[in-house]
Amino acid sequence: MTIREALELDNSYLAGKFDVAVVGAGHAGCEAAHAAAKLGLDTILFTLSLDSLANLPCNPSIGGTSKGQLVREIDALGGIMGIMADRCAVQMRMLNRSKGPAVYSPRAQEDRSMYSIEMRHYLENLPNLTLKQAHITALLVDEDGNAAGVMTEGKAVYEAKSVVICSGTYMEARIIRGEVITESGPDGLPRSVGLSSSLNSLGVPLLRFKTGTPVRVNSNSIDFSQMTRQDGEDDIPPFSFRNEMEGKAVPPAEEQIPCWSIWTTDETRQVISENMHRSPLYSGEIKGIGPRYCPSIEDKFMRFKDKTRHQIFIEPMGRHTNEMYIQGFSTSLPEEIQEKMVKSLPGLANAKIQRVAYAIEYDLVDPLSIKASLESKIVPGLFTAGQINGSSGYEEAAAQGIVAGINAAMKVLGKKSVIIDRSQGYMGVLIDDLVTKGTNEPYRMMTSRAEYRLFLRQDNADERLTPIGHEIGLIEDDVFEKFKAKIEAIAIETERLKKTYVAPTEKLGELLDTCGQTLPKSGESLADLIKRPGVTYELLAPIDKGRKPLTRNITFACETNIKYEGYLSLEKEKIEKFKNLEKILIPEETDYNLIKGLRLEAMQKLSNMKPENVGRASRISGVSPADCEVLLVYLEQQRRRHDNG
C-alpha cells in the first residue's frame, strides 16, 4: 500500500513525519532507534507495549559463549546493551576460561524487570527519539516502491524516509502448550497482526519458525541442598568499555545472586516418553522450525537417545522476585505434564510453578532477501533486524539492530552504508551468514562460526570497532580519547616487555618452577618468558622492577598479544586475503547469464542474491571456487574494457 492510498482510507490521518521509523522495541529495535537518534535523525520507536520494552522473555541473562563477544562489539560501536547489562546485572561470570582468550565469553545474569525499566528510562530521555505504543499493521511505500512510512491499527499514518522492522517473535505469533493454542505474543503480550501480509503483498518472502521458553518456579518451594551452587566471579570486566574506562564495579555493589545446576532423572525421561503423543512438536501441530542448538527438553530426549540425562540450570529472575528460571527445560507439552516433569527434578519435588513453559510460532523474513547493510533487496529503504531475519537470541538481535539503525540513518543522510565484515567482528559473521547462506532454523551465533576468532576476542572489540563508531558519530570525542590512550598504553607496555631482559636468577627459577618451566641458560626478555605456557604477566611481577601500575584490561591485552603473536600474524595474513576478495566489487546490474563458464546453479544463485563483492559471492551455497575464478576473470575483462573506453 502506498502512502497516498493509506491516506485515502476512511478515518485515516497523517499522524507525523520522521526521518526513521523503528517498529518493535525489543533488543534490536532499541539499538536501532538509539543509533538513528544518536546520529541526529528524528526517530520514532513503536512498540505493542511500553511496559515490555527490551523485555527478556526467554532467558534472564545477557552474554555467554560468542554472545558476550557480540555485546562487547555492540558497546564498542556505540550501542547501549552493554551499559544496561552492567547496570542491571545480579551475577557476572567469564565462560570458557579453560579454553584460552580467543573464546573467553562474559555472561551476566540480569534483573529482568530492572533491565526493561532502565532501558525505557534511557530511551525516553534520548534527544531526537519519540516512543509510541501502537500496533503497526502495514508498511507503506511511495509510488516508486520505496519504504515511505507505516500505518497503525487505528489508521494513523506516519511518514518516514527509512523504516526498520524489528518484530521479534510477534508477527502472527501463536503460543502452544499441548492442545491449548493461543494467538498471542511472548508472555501473553499482544501479537502483531497484519504486518506479515503487508510485507508479503510487497513481494517480501516470509518463513515461519518456532522457539520456546521454560517453566518459572517460586524459589521458596525449591530445596537448594540437592543442587550444585554456581556463584558469580568478582574479577570480570564490565560489558561496556565505557564503564571499564571509568573503573566502575560490575555487578553493582550489592551481593551477587547464585545460580544452581542439576541433572534430569530417569523419572523425567519416563514422564516425557509416556506423553510424547501429546507433544505438539511431534503431533504436527507446530509447523514452524525450531532451534537446533536450543531444543526443547522432549526434543533433547528424542534426538539424543544415547544420553540418559541432561543438565539443567536454575537461575534468578531478579533481586525483587522469588521467580526462578529453569534453563534448558523449555517444552510445549501440556501444563499437567509440565507439573510432573518439574517435580521429577532434584530439589523441585515441591516446586510451585508460577509460569508454565510454552512454544511460540512466528513469521519472519527470508534473510536471503536482505543485503549486508540489512536493507531489503525488495523494498529499498526498508531495513530488518533481529529474529525477523531468522536469528535467535537477544545479543544477535541487538547486534543487527545497531547495524540496521546506522544504515537506516546513512540512507536518509545520503551516505555510504556501514558494513562490518567477517574479519571485523562476530556481528559481521552473524550478518554475513544470514544474508549469504540463509537459515532454515533460528540462527544462533557460536564461536566456531568465526574463522578469525583469535583476532575477534571480547577484550579487543574496542580496538576493532570503536574507530568506526567514532567516525560515524556514535562514540563521543572524550570516549575516543580515552580509547586512544588505552591503545597507546598497550603498545608502550608491549614494547617495554620485548626490550626488558632479565638474568637467570634463583628468584626467576622459583617463579618458573611454579608452572613447570625451566630456567633459561642466559638472559631472556620478559616477552619471551610470557610466551611460555603457564607464564603470565602477573607471575613475573617480582622480577620486573621497571613495571608501572596498569589496569587489568591493558596488561591482559599485552599478555594475550605477546603469547599469541605468531598465531595472530598468520591470522592477519588470512584476513588480508579475505579483504582482497571483499574489495572486488560486483556491479549490481551484472547479468550472470552472460558469463561463460559459470555452472547453471551458480548462475541462478548469483542472479537471485546479487552479492556486492566476490568475497560474499564465494560464500553462497552452490557457488564453487571454480565459479569464483570464472567470475574474477569476467570482472577483470569488464574492468579492462572500461579502462580502454
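**A walk through the predicted model**

Lysine 574 counts as exposed because its relative accessibility is 52%, where exposed means over 50%. The model is a predicted one. Lysine 574 belongs to helix α19 (residues 565–583).

The domain assignment of the chain lists domain 1 (216–361), domain 2 (477–565) and domain 3 (584–643). Taken over C-alpha atoms, the centres of domain 1 and domain 3 are 47 Å apart.

Next, the interior. In soluble globular proteins, nonpolar side chains tend to be buried together. Here the largest nonpolar core holds 87 residues, and Tyr115 and Leu123 have the most contacts inside it. Helix α12 (residues 394–413) supplies the largest share of this core, eleven residues. Another core, of 26 residues, lies apart from it and includes Val217, Trp260, Met324 and Ile337. Leucine 123 touches, among others, Cys30, His34, Leu45 and Ile80, leaving aside residues up to four places away in sequence.

Six aromatic pairs are found in the whole structure. In one of them, phenylalanine 46 and tyrosine 158 have ring centres 4.9 Å apart and planes at 70°, so the pair is edge-to-face. Phenylalanine 46 is in strand β2 (residues 43–47) and tyrosine 158 in strand β9 (residues 156–165), so the pair ties together parts 112 residues apart in sequence. Phenylalanine 46 counts as buried at 1% relative accessibility, and tyrosine 158 counts as buried at 7%. Together with Phe18, Phe46 and Tyr158 form one aromatic cluster.

Charges also sit over rings. The charged end of arginine 72 is 3.9 Å from the ring centre of phenylalanine 241, over that ring. Arginine 547 lies over the face of tyrosine 537, 3.7 Å from the ring centre.

Note on methods
Residues numbered from 1 in each chain as written. Predicted model: local features only at pLDDT ≥ 70, side-chain atom pairs only at ≥ 80, totals over all residues. Heavy atoms only, no water. Core = buried A, V, L, I, M, F, W, Y, C linked by side-chain atoms within 4.5 Å. Buried < 20%, exposed > 50% of the residue type's maximum accessible area, 1.4 Å probe, protein only. Helix = DSSP H or I, 4+ residues; strand = E, 2+ residues; numbered from the N terminus. Contact = heavy atoms within 4.5 Å. Domains from an automatic or database assignment. Phe/Tyr/Trp six-rings, centres within 6.5 Å; stacked < 30°, edge-to-face > 60°. Lys NZ or Arg CZ within 6 Å of the ring centre and 35° of its normal.
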